[in-house]
Each structure stands twice: as structure tokens, then as C-alpha cells.
Amino acid sequence: MLWAGCLSGFGAPAAAPVPLPDRGPTVDEIRAAADKGIPKAQFELGMKYLNGQDVPEDFKAGSQWITKAAEAGYVEAQYFLGLVNENSNHADSLKWYRQAGEQGHVKAQSKLGDFYVEGKLVGADAAEAAR
């Protein structure tokens with residue numbers, strides 16, 4: 001049965017072609033888009049640098065690209081920066097969660113609510129937490 005696809009030229013039925021998965025954009029393509037100011041590409045390139053995926057690991061470059069994306073309004077970058085700053089820099093975390101939350105990012109809104117419930121930086125505010 002395994003050989004059925006290989007034997008198609010010998011009278012056996014041909015196996016249906018298997019589509020190849022989309023390879024996605026290359027690092028060079030992502031970098032070109034990031035250089036043009038496309039926030040999603042900036043975020044993706046930043047994540048590649050942070051993870052050392054298809055590029056040398058570079059925390060500084062990764063952070064810079066992700067920050068550019070967040071400043072351009074890319075909600076996933078804003079949420080990510082809120083998350084990574086949560087334990088070290090509450091002011092930055094609050095800033096990015098707030099911006100992502102204002103765009104409707106549900107997880108950012110939840111984190112922002114936690115800030116108000118726990119009184120992190122903003123002081124406990126049950127009414128604002130429930131908002």
C-alpha cells in the first residue's frame with residue numbers, strides 16, 4: 001500500500017497529491033516589511049530576535065523592533081510589552097496594557113483590571129477594575 005503512489009507509472013492508481021504547507025515569509029521578507037514600517041512585521045522580527053529563530057539571538061534588537069510595533073499601535077506588541085514589564089516596571093506595564101485594552105484586547109483588559117484590584121501603581125479602585 002505504501003508503494004501505490006510510486007507505482008503510478010506501472011498501472012497502479014496514483015496517490016492524490018499532498019499540498020505542501022505554506023512556508024510563510026522569510027526573515028529577509030519580514031525585515032523588508034519591518035523596515036517599511038509595517039507594525040506586524042516589526043513585531044514578528046522582534047520576536048525572532050528574542051527567540052533566536054532564523055537570526056542570532058539579540059535581546060536589544062528584539063526589544064527595539066517590538067517597541068516600534070507597539071508605538072505604531074500594534075496591539076499584540078502592546079500586550080507583549082505589558083506582559084514582559086509586569087514584574088519589573090509597573091509603569092510601563094500599565095501603559096502598554098492600557099493602550100492594548102483601549103483597542104479591545106481582552107487579555108490586556110483583564111490584566112489592567114488586576115492592576116486596579118491589586119492596587120499595583122494605580123491604587124486599588126474596584127469601580128475601575130470592574131470597567
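How many residues does H2 have, and how far does H2 reach from its first C-alpha to its last? Helix H2 has 13 residues and reaches 18 Å, close to the 18 Å expected at 1.5 Å a residue. The expected span is 1.5 Å times one less than the number of residues in the helix.

Before I continue, a word on the source. This is a predicted model, in which local features need pLDDT of at least 70 and side-chain atom pairs count only at pLDDT 80 or more, while totals for chains, interfaces and linings use all residues. Residues are numbered from 1 along each chain as its sequence is written, and side-chain values use heavy atoms, with hydrogens and water left out.

Let me turn to the overall fold. The protein chain has seven helices and zero strands; helices (H or I, at least four residues) and strands (E, at least two) are DSSP runs, numbered from the N terminus. Of the 131 residues in the chain, 30% are buried. Buried means under 20% relative accessible area, exposed means over 50%, and partly exposed lies in between, with a 1.4 Å probe and protein chains only.

I return to helix H2. Its buried residues are Ala41, Gln42, Phe43, Leu45, Gly46, Lys48, Tyr49 and Leu50. The cover over these buried residues includes H1, H3 and helix H4 (75–85), where contact means heavy atoms within 4.5 Å.

The largest nonpolar core has 10 residues: Val27, Ile30, Ala33, Ala34, Ala41, Leu45, Tyr49, Val55, Ala61 and Trp65. Such a core is a set of buried Ala, Val, Leu, Ile, Met, Phe, Trp, Tyr and Cys residues joined through side-chain atoms within 4.5 Å. At least two residues of this core come from each of helix H1 (27–35), helix H2 (39–51) and helix H3 (59–71). H1 gives the most, with four residues. Another core, of nine residues, lies apart from this one and includes Ile66, Phe80, Leu81 and Trp96.

Now to the charged side chains. Side chains of opposite charge can pair when their charged atoms come close. The whole structure contains three salt bridges, each a side-chain nitrogen of Lys or Arg within 4 Å of a carboxyl oxygen of Asp or Glu.

In one of them, lysine 40 pairs with glutamate 44, their closest N and O atoms being 3.9 Å apart. The two are separated by about one helical turn, because they stand four residues apart in helix H2.

In another, lysine 48 pairs with aspartate 54, with closest N and O atoms 3.2 Å apart. Lysine 48 is buried at 11% relative accessible area, whereas aspartate 54 is exposed at 60%. Aspartate 54 is placed in the loop between H2 and H3 and has a positive phi of about 70° although it is not a glycine.

A further bridge joins lysine 111 to glutamate 86, the closest N and O atoms being 3.4 Å apart. This pair links distant parts of the chain, with lysine 111 in helix H6 and glutamate 86 in the loop between H4 and H5, 25 residues apart.

Finally, I come to histidine 105, in the loop between helix H5 (90–102) and helix H6 (106–118). Histidine 105 is buried, at 11% relative accessible area. Its side chain makes a polar contact with the side chain of glutamate 76 at 3.4 Å. A polar contact is a pair of N or O atoms within 3.5 Å; within protein, one must be able to donate a hydrogen and the other to accept it, and residues adjacent in sequence count only if both atoms are side-chain atoms.
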